[in-house]
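Here is a short note to read beside the model. Keep the structure open and find each residue as it comes up.

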Amino acid sequence: AILAQELFRPNRVYQLALTPSHVPVSDGIGRVMASYQELILADGDGALTGPAPGARQRPRTSHARAFAKLCGAAACAALALGAWAIYGGGVRSAGRGADLRGVVRAAENQTSADEAGNADTITGYIYCDNYFEFYFNGQLIKTDPLDFTPHQAVKVSFEYDGTSSKTYAILCQDYASDSGYEYTETDKPKLGDGALLAEFSDGTVTSAEWKTYVVTFGPTDASISSGCSADNLSPCAIEDNGIPDSWYTESFDDSDWSTATVYTAAQAGWGVTPNYSGGMCGTITSPLTHQTATPSSIATTEDECLDPTKVLCGGDEICSGTEGRMIWGADMDRDNKMLFRYTVSGSSDRRLLSA
């Protein structure tokens, strides 16, 4: 697969031994096949050579099969046909009889160099009701500077090597007291509703494909059966499942996690709109009293105090098409602290699968 990738790289020119003369071929398999004439692999020990002038022989089927085995991907049929040109006529970049093993080594070296050049900076926006911690490939990238209100979006930026898989991991927590309720020092305690929405420049967005794990849940069914309610908080209890070790790393096995539940913006809401002025983000309120807190704002950068309705979902508050979705656990009100994961296969993983 590596060999095929490198041989058909655009703008790379090889000399194919044709009958009756050599013809430069570049720009992919279409030109190779268009130029194919009476080609043959003359020697079966790794050396690629051309036919004698005027010779008319078929490519050896064993080498065509070998090339087909190398490809091992959906394009195998086309590449196997390309083997007629490559194995039959011989690839010539440094004179007659180039060594196949040398070509493969050169292809691998070139691929490594190309992949190193694919390193990229990924940017994105994260909105979590109320507090988040964001990890990428096991590294903590960003911690939400606010733990309750306002409900702001935060811009993030991080480096990607261009080859490895990409593991997005986010802890998102909706505020809840030990009873599962917020505003517990008022005469109207209520259950909060959590939501996570994120969009990244590589096309990764929150969706039903993300995996979820409930850390804390409440009030529990048992405590509700015992009389827990907004008017009677004393019987209320929450369930704490703990945070799994290394949950944010690439190697963590999330196969037994649930898939995320998608909610519309109308269901989840956008919360309290942030206000950024003079390097300060507000207005901060108390999760216990529902009153404006003291201080009512904290120092942040402007990128840490963005209006989510302006920077996410195309700015129309609808969240449709390829845009991100608001996700949470199956119980929006009682799932309080959540872990989310999503993995994108890297180019090195795809190459191994196709080899």
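1. **Disulfides.** The structure holds four disulfides. A disulfide here is a pair of cysteine sulfur atoms within 2.5 Å.

2. **Ground rules.** This is a predicted model, where local features need pLDDT of at least 70, side-chain atom pairs count only at pLDDT 80 or more, and totals for chains, interfaces and linings use all residues. Residues are numbered from 1 along each chain as its sequence is written, and side-chain values use heavy atoms, with hydrogens and water left out.

3. **C128 and C172.** A disulfide joins these two, S to S 1.9 Å. The link of C128 and C172 is right-handed, with 100 degrees about the S-S bond. C128 lies in strand 4 (residues 120–129) and C172 in strand 8 (residues 166–173), so the pair links distant parts of the chain, 44 residues apart. Helices (H or I, at least four residues) and strands (E, at least two) are DSSP runs, numbered from the N terminus. Both C128 and C172 are buried. Buried means under 20% relative accessible area, exposed over 50%, and partly exposed in between (1.4 Å probe, protein chains only).

4. **C281 and C305.** The sulfur atoms of this disulfide are 2.1 Å apart. The torsion about the S-S bond of C281 and C305 is about 75 degrees, so the disulfide is right-handed. C281 is in strand 15 (residues 280–282). C305 is in the loop between strand 16 (297–299) and helix 8 (308–311). C281 counts as buried, at 0% relative accessibility. C305 is buried too, at 6%.

5. **Aromatic pairs.** How many aromatic pairs does the structure hold? There are 20. Rings of Phe, Tyr and Trp (its six-membered ring) pair if their centres lie within 6.5 Å; planes under 30 degrees apart count as stacked, over 60 as edge-to-face and the rest as tilted. Take Y135 and W247: their ring centres are 5.5 Å apart and their planes at 80 degrees, so the pair is edge-to-face. Y135 is in strand 5 (residues 131–136), and W247 is 112 residues apart from Y135. Why is W247 buried? Because its relative accessibility is 4%.

6. **A charge over a ring.** The charged end of K166 sits over the ring of Y160, 4.9 Å from its centre. The test is NZ of Lys or CZ of Arg within 6 Å of the ring centre and within 35 degrees of the ring normal. Y160 also belongs to one aromatic cluster, with members including F158 and Y168.
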